[in-house]
Number of protein chains: 2
Amino acid sequence: MHDRIRNARLGERVMSAEEAAALIQPGMTVAMSGFTGAGYPKEVPLALARRMEAAEQPFRIRVLTGASTAPELDGALAKVDGMELRLPYQSDPALRERINAGTLDYIDIHLSHVAQHTWFGFFGPVDVAVVEVVGITEDGRLIPSSSVGNNKTWLEQADKVILEVNRFQPAGMEGMHDVYYGTALPPHRRPIPLVDPEDRIGEPYLSVDPEKVIAVVETDGPDRNSPFSPPDESSKQIAGHLLEFFDHEIRRGRLTDRLLPLQSGVGNIPNAVMAALAEGGYKGLTAYTEVIQDGMLGLIKEGVLRMASATSFSLSRDGVDEFNANVDFYRERIILRTQEISNHPELIRRLGCIALNGMIEADLYGNVNSTHVAGTKVMNGIGGSGDFARNGYLSVFMSPSTAKNGNISAIVPMASHVDHTEHDTMVVITEQGLADLRGLAPKQRARTIIENCAHPDYRPMLEDYSERAQRESFGKHTPHLLGEALSWHERFVETGSMRVPDRRPAG
Amino acid sequence: MHDRIRNARLGERVMSAEEAAALIQPGMTVAMSGFTGAGYPKEVPLALARRMEAAEQPFRIRVLTGASTAPELDGALAKVDGMELRLPYQSDPALRERINAGTLDYIDIHLSHVAQHTWFGFFGPVDVAVVEVVGITEDGRLIPSSSVGNNKTWLEQADKVILEVNRFQPAGMEGMHDVYYGTALPPHRRPIPLVDPEDRIGEPYLSVDPEKVIAVVETDGPDRNSPFSPPDESSKQIAGHLLEFFDHEIRRGRLTDRLLPLQSGVGNIPNAVMAALAEGGYKGLTAYTEVIQDGMLGLIKEGVLRMASATSFSLSRDGVDEFNANVDFYRERIILRTQEISNHPELIRRLGCIALNGMIEADLYGNVNSTHVAGTKVMNGIGGSGDFARNGYLSVFMSPSTAKNGNISAIVPMASHVDHTEHDTMVVITEQGLADLRGLAPKQRARTIIENCAHPDYRPMLEDYSERAQRESFGKHTPHLLGEALSWHERFVETGSMRVPDRRPAG
């Protein structure tokens with residue numbers, strides 16, 4: 001029964017999720033495992049949410065995680081209004097609703113900053129960590145689960161620790177992780193000795209002070225497992241433009257056919273990019289990224305990727321089955337690291353990653369909004385996009401040119417919220433085409449973005465804005481009409497569309 | 001006569017500035033030395049400007065530098081409309097006028113990115129480098145001048161090289177520089193072995209292939225030498241708030257009384273901060289920054305700073321006299337590096353710099369505009385502020401709460417241009433007070449910025465905006481009134497003031 005808990009001392013702390021959840025006090029700061037729906041605690045947050053719902057005296061906690069989790073954590077706690085603060089990245093509908101209703105404080109932060117800001121004390125003390133693991137070794141070390149995230153930091157920084165040992169996660173993961181214990185606070189930091197995505201610089205286990213472990217809960221459940229949908233036409237076109245760009249860069253001698261380590265998000269466009277790389281005949285590539293998704297497993301199997309480094313999985317049920325059936329193969333070709341290492345500016349710049357990220361909108365000058373619809377309503381968060389875009393060899397932002405049946409243009413006069421400034425955006429791609437902004441000044445950028453990326457329905461409106469702005473703007477370095485710059489978003493909020501309604505004379 | 005040119009072969013290339021300037025062809029990309037008005041070529045750009053002015057067929061060149069230069073370079077070439085492109089940071093009035101008239105393309109870029117983007121080929125080939133040096137050794141190595149900037153990259157990347165040997169710069173500088181030759185292109189990059197601001201990891205000389213040197217010009221002139229003005233009352237108050245914050249952080253155990261390596265700009269507020277550090281009894285601090293200004297010389301002399309690492313000087317004439325008179329003392333305590341090393345994300349994060357930068361405006365949520373007045377008119381550029389703010393241990397932005405006789409508020413509803421996002425701003429300071437944004441969600445940030453930093457004249461307007469935005473905003477995570485968010489800037493452009501004119505009933 002306790003084959004996953006091989007340490008006798010920690011085996012004595014086994015209790016139910018309810019008993020463990022009862023150890024969390026109102027107002028506490030609780031750091032939880034979990035990254036893109038993988039490796040989050042499955043039962044203690046649910047038990048805590050039930051306790052909150054039943055409590056006569058309502059109470060809330062502050063929740064820190066790796067990134068997005070799942071309905072059993074973010075969803076359950078959001079539904080009972082059990083969080084007063086949540087950081088960083090999230091993607092849960094119930095949680096998002098509370099945030100945008102203004103009733104839950106959400107701190108959106110670069111994923112590479114979370115661990116160090118915790119160590120710096122910027123979020124105050126961490127009272128309890130709740131961390132899912134695959135198992136506990138005889139000598140009390142922890143086998144990490146399907147995400148590593150900030151778990152090293154949570155286990156070290158928290159006063160008390162609750163472990164969830166999830167027997168659903170394959171035991172064969174043991175040995176796949178690389179937990180770097182060489183971090184320090186300034187002025188004691190040293191170079192991080194990683195020079196290739198396949199370098200192992202740490203240990204395959206997490207360590208925890210057994211004195212701090214107040215509960216061990218046995219669980220048996222799958223990760224969130226987002227369904228994998230095959231790429232749509234628009235995503236295929238975007239991937240096609242990207243691959244054409246790679247060809248161009250290879251011909252110019254700026255890339256080799258091994259490219260450089262790829263960072264890529266999760267979703268339809270990244271899936272299309274993965275498929276296109278395979279079709280394009282690439283071999284021996286590497287990924288230095290946050291998340292391993294279904295498409296990457298395929299690429300590893302085919303040798304398109306010789307290996308992938310990340311901090312988490314984000315697989316469909318089919319992907320999990322594929323992984324579990326071939327865990328010995330994948331364990332040699334996948335490394336999961338802490339997210340401070342997967343997203344570390346030092347390493348991303350050293351490796352020269354190719355950063356491929358989605359966006360909500362880009363403006364004429366290449367400022368990118370990754371987070372806020374109409375400048376105010378947060379979707380998910382910046383995630384690691386800033387870590388990679390700022391420090392990578394190439395920073396690419398991709399989106400279909402329109403959303404909501406054409407009512408939203410992804411290319412706008414002025415971004416309604418800026419997560420990546422003009423200084424950090426090199427390439428913008430929509431299904432319409434690709435704008436290479438490298439070495440261009442603002443007005444040159446505007447021209448290429450409008451011509452290459454805007455949807456034809458919005459192109460004349462953008463051209464009109466840009467021409468008038470170049471004539472009438474106060475300063476003409478980055479021309480804008482201040483009274484009109486955000487009018488597209490206003491119109492969307494008021495009418496449901498950025499399009500200008502027909503103004504034909506009546507009668 | 002040629003005591004500064006001790007290499008016989010290069011001595012044969014000595015010619016006049018006019019002869020050297022004649023070697024630069026129309027349309028060429030010319031990379032010049034110079035950073036914050038120090039170490040720029042003094043005569044060749046002037047001679048080139050004269051040639052441009054006299055030319056029957058007008059022509060222009062593309063100019064890359066380290067950062068801002070001086071009237072003899074940026075000013076002279078801008079006046080004759082001799083630049084079609086200029087990058088990065090600038091601060092010259094004539095140049096700024098052309099940029100904001102929309103007749104000269106200016107690319108504003110993180111200073112840590114310039115060298116690597118040149119190596120990556122993003123700006124195309126560099127035809128000629130024009131680099132000021134202090135002297136040439138017997139074996140042909142170059143003694144760097146009062147700035148290093150991108151000179152290593154220019155000398156290596158340019159097809160042809162023109163050297164200016166400036167005998168006005170003190171020969172005693174020899175040995176003070178540290179030029180790191182360990183950089184490489186991905187995937188061949190290795191950790192940069194610097195762990196303390198005082199580490200020397202390179203060589204005190206620049207190297208150049210003598211075959212490429214097509215001209216050597218002897219010059220004898222001072223750097224731009226910005227006058228040093230004593231801190232005004234507002235700057236002293238800002239410095240006071242910062243020092244109080246340091247005390248607070250020391251009491252909380254988040255800093256020691258040695259602080260962490262300081263990065264600081266040039267100008268009235270940084271001068272006030274330097275003075276306050278001395279008065280505050282600090283000893284044995286370090287600076288890891290871009291520029292050594294007058295105030296730092298004083299701190300080094302007093303032992304407040306045990307050493308300073310930078311890429312450039314920016315001294316007054318008095319400062320130059322002080323430096324020249326004590327060059328042997330300062331040479332042991334100042335290291336000038338290439339700007340890719342002074343501003344390197346890897347090193348700034350490792351050292352945990354305290355980033356102290358000015359700003360034009362911050363908005364309610366901590367988005368910072370460092371560059372554009374009213375969103376469109378560029379002042380100088382982002383410089384290295386992004387390199388330090390993103391990667392430092394602390395990122396602080398400072399400004400008086402108003403400008404232009406109170407007609408501009410430095411705290412606005414929405415930043416009219418974003419150079420540093422909400423994700424990168426930790427502390428905002430005006431003479432009114434300090435807002436510590438660490439660990440705060442957007443609406444909490446708004447409250448502390450309005451209460452602590454806004455000028456009393458604008459505070460009620462900001463409170464009013466914020467309250468209405470929290471009620472009426474589309475999304476309430478980062479509340480905004482889109483139709484009003486940029487209205488303060490519009491009003492400034494139209495009326496010369498962000499204040500709302502009196503609306504008393506007439507008669």
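1. A single aromatic cluster in chain A is made up of A:Phe313, A:Phe323, A:Phe329 and A:Tyr330. It should be kept in mind throughout that the model under discussion is predicted. Over all chains, a search of the whole structure returns 16 aromatic pairs.

2. One of these aromatic pairs is formed by A:Tyr393 and B:Phe120, with 4.4 Å from centre to centre and 70 degrees between the planes, an edge-to-face arrangement. A:Tyr393 belongs to the loop between α15 (385-391) and β21 (394-398) of chain A, whereas B:Phe120 belongs to the loop between α6 (114-119) and β5 (126-136) of chain B; the pair therefore joins two chains. Both partners fall below the 20% limit for a buried residue: A:Tyr393 counts as buried because its relative accessibility is 4%, and B:Phe120 counts as buried because its value is 5%.

3. A further pair, that of B:Phe323 and B:Tyr330, is stacked, with the centres 5.9 Å apart and 25 degrees between the planes. B:Phe323 and B:Tyr330 are both buried.

4. Rings of chain B also receive charged side chains from chain A. The charged end of A:Lys377 is placed over the ring of B:Phe474, at 4.3 Å from the ring centre. In the case of A:Arg438, the charged end sits over the ring of B:Phe122, and the distance to the centre is 4.5 Å.

5. How are the two chains related? A rotation of 180 degrees, with a shift of 0.0 Å along its axis, superposes chain A on chain B with an RMSD of 0.0 Å. This is therefore the relation of a two-fold axis. The same surface serves both copies, since 100% of the contact residues of chain A recur in chain B. Among the residues of chain A, A:Glu346 comes closest to the rotation axis, its C-alpha lying at 2.1 Å.

6. The annotated position deserves a separate point. According to an unreviewed UniProt entry, the annotation "active site" covers A:Glu290. A:Glu290 is located in the loop between β11 (285-288) and β12 (291-293) of chain A. Is A:Glu290 buried or exposed? With a relative accessible area of 11%, A:Glu290 is buried. Apart from residues up to four places away in sequence, A:Glu290 touches A:Phe35, A:Leu111, A:Ala310, A:Thr311, A:Ser312, A:Asn343, A:Gly383, A:Gly384 and A:Phe388.

7. On strand pairing, β25 (residues 427-430) and β26 (residues 433-436) of chain A run in the antiparallel sense and are paired over four bridges.

8. In chain B, the loop between α8 (233-251) and β10 (262-264) contains B:Asp257. When neighbours within four places in sequence are left aside, the contacts of B:Asp257 are B:Ile250, B:Tyr282, B:Lys283 and B:Leu285.

Definitions and conventions. Residues numbered from 1 in each chain as written. Chains lettered and ligands numbered in written order. Predicted model: local features only at pLDDT ≥ 70, side-chain atom pairs only at ≥ 80, totals over all residues. Heavy atoms only, no water. Pairing = 2+ DSSP bridges. Phe/Tyr/Trp six-rings, centres within 6.5 Å; stacked < 30°, edge-to-face > 60°. Buried < 20%, exposed > 50% of the residue type's maximum accessible area, 1.4 Å probe, protein only. Lys NZ or Arg CZ within 6 Å of the ring centre and 35° of its normal. UniProt positions renumbered as here; feature names shortened; annotations may be inferred. Contact = heavy atoms within 4.5 Å. Least-squares fit on C-alpha atoms with pLDDT ≥ 70 in both.
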